[in-house]
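Please read the points below with the model open beside you. They go from terms to chains, and then to single residues.

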Amino acid sequence: MLRGAGALAGLLTGVTAAGTLAGCARPEGPDPLEEPLAAARDDAVTAAAAAAAYPELAGRLTPLSRARRAHADALAAEIRRARPDRTATVDAAAGATPAPARPAASAAAAVTALRRSLGTARDGAGALALTVEPSRCGLLTSVAASCAGHVTVLG
Amino acid sequence: MLLTALGTEHAAIWVYGLVSAFLPASTATGLAAASLAHRERRDAVVALLARDGIAAPPAAAAYRPPSPVTDAASAAGLAAVAEDDVAAAWRAVAERTEAATGGELRRLALGAVTAAATVSVTWRDLAGRTPLVAPFPGDGSET
């Protein structure tokens, strides 16, 4: 009896401990970082395509594409860390061949579209930075600031 | 941590006073706006500290630039370093501040890192530094 109870108690403790760990780490639905992640991936692809189509933009758009790729990598890494249940979704979205970015009609149109997209990304990441846990606040603050800087570069 | 951020604001204000004479007139408006933004943020931090009964330490009388300022490029380079320091200090504030209790600090941090990344585009360009925008302003990886 006592041994049985002990074993059961141990089991319950184990379950409770596992429950506690999973309890914080398993909220329902998508991770809130999936939205800025998708935006960063889109911008990276769009900027690279525009740089290829309009070589005169490459000086501004290649660093932009690289920065947005770095944002995507960092956001995806944070989602994998905090939400292992979303890893498959996040990786599948990365592996999917991105819809061919429709080439902008002109270099000016490409810049205008990217500037708008980056402004939206800056505002989205900045708003999210105010609500999330501290470590994510640091990352999103930097992502928002980087987007703001690239808006300035696109002037 | 907040005192570190305040220290970088003091330093940036001093740096802008030093470099303004070396920078092209075309940057005067941006420089004045950047300098004003640092003063306003300094005042906001001083007020926050006062609310908690903490007397803010004053600015140093002078700072030692890492390299001499002799022309537009070196002046812009020093301004970029000052902005890097501001961004790093405020990002550290952001990642140590709880959302529930630190909304005001988080907004200050977001504004500070964003402004640093934005105004640095001009200074890095003049200083010949690339990239013009750090991928993660304030994370300490920029040199």
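1. Two residues are in contact if their C-beta atoms, placed from the backbone, lie within 7 Å. Helices (H or I, at least four residues) and strands (E, at least two) are DSSP runs, numbered from the N terminus. With these terms, helix 1 of chain B can be set against helix 2 of chain B: B:Leu2, B:Ala5, B:Leu6, B:Glu9, B:His10, B:Ala12, B:Ile13 and B:Tyr16 in helix 1 meet B:Leu31, B:Ala34, B:Ser35, B:His38, B:Arg39, B:Arg41, B:Arg42 and B:Val45 in helix 2. By class, the residues of this contact divide into 9 nonpolar, 3 polar and 4 charged. Here Ala, Val, Leu, Ile, Met, Phe, Trp, Tyr, Cys and Pro count as nonpolar, Asp, Glu, Lys and Arg as charged, and the others, Gly among them, as polar.

2. The model is predicted, so local features need pLDDT of at least 70 and side-chain atom pairs count only at pLDDT 80 or more, while totals for chains, interfaces and linings use all residues. Residues are numbered from 1 along each chain as its sequence is written, and chains are lettered from A and ligands numbered from 1 in the order in which they are written.

3. How do helix 1 and helix 2 of chain B cross? Their axes come within 9 Å and cross at roughly 150 degrees. Axes are lines fitted to C-alpha atoms, for helices over the stretch in contact, and angles run from 0 to 180 degrees between N-to-C directions. The two helices are therefore roughly antiparallel to each other; angles under 35 degrees count as roughly parallel, over 145 as roughly antiparallel, 65 to 115 as roughly perpendicular and the rest as oblique. Helix 1 of chain B passes helix 2 of chain B in a left-handed crossing. A crossing is left-handed if the near helix is turned anticlockwise from the far one by less than a right angle, and right-handed if clockwise.

4. Helix 2 of chain B also packs with helix 4 of chain B, at an angle of about 160 degrees and with the axes 11 Å apart. This crossing is left-handed. The contact is made by B:Gly30, B:Ala34, B:Ala37, B:Arg41 and B:Ala44 of helix 2 and B:Leu108, B:Ala112, B:Ala115, B:Val119 and B:Thr122 of helix 4 of chain B. These residues divide into 7 nonpolar, 2 polar and 1 charged.

5. Chain A has 6 helices and 0 strands. Of its 155 residues, 34% are buried. A residue is buried if 20 or more other C-beta atoms lie within 10 Å of its own, exposed if 12 or fewer, and partly exposed in between, with C-beta atoms placed from the backbone. Among contacts in chain A with a separation of 6 or more, 71% join residues 24 or more positions apart.

6. In chain A, the axes of helix 5 and helix 6 come within 8 Å and cross at roughly 155 degrees. Helix 5 and helix 6 of chain A are therefore roughly antiparallel, and their crossing is left-handed. By class, the contact has 15 nonpolar, 4 polar and 2 charged residues.

7. Is A:Leu118 buried or exposed? A:Leu118, in helix 5 of chain A, is buried because 25 other C-beta atoms lie within 10 Å. Leaving aside neighbours within four places in sequence, A:Leu118 is in contact with A:Asp43, A:Cys147, A:His150 and A:Val151. By contrast, A:Gly29, in the loop between helix 1 and helix 2 of chain A, counts as exposed, with 7 C-beta neighbours inside 10 Å.

8. The contact between the chains takes 23 residues from chain A and 29 residues from chain B. Helix 6 of chain A gives the largest share of the chain A side, 14 residues. By class, that side has 12 nonpolar, 11 polar and no charged residues.

9. The largest nonpolar core has 79 residues, and those touching the most other members are A:Ala144, B:Ala79, B:Trp90, B:Ala109, B:Val113 and B:Ala116. A nonpolar core is a set of buried Ala, Val, Leu, Ile, Met, Phe, Trp, Tyr and Cys residues joined through C-beta atoms within 7 Å. Helix 3 of chain B gives the most to this core, with 14 residues.

10. One last item is the peptide bond from B:Thr130 to B:Pro131, which is cis, with omega near -5 degrees. B:Pro131 lies in the segment after helix 4 of chain B.
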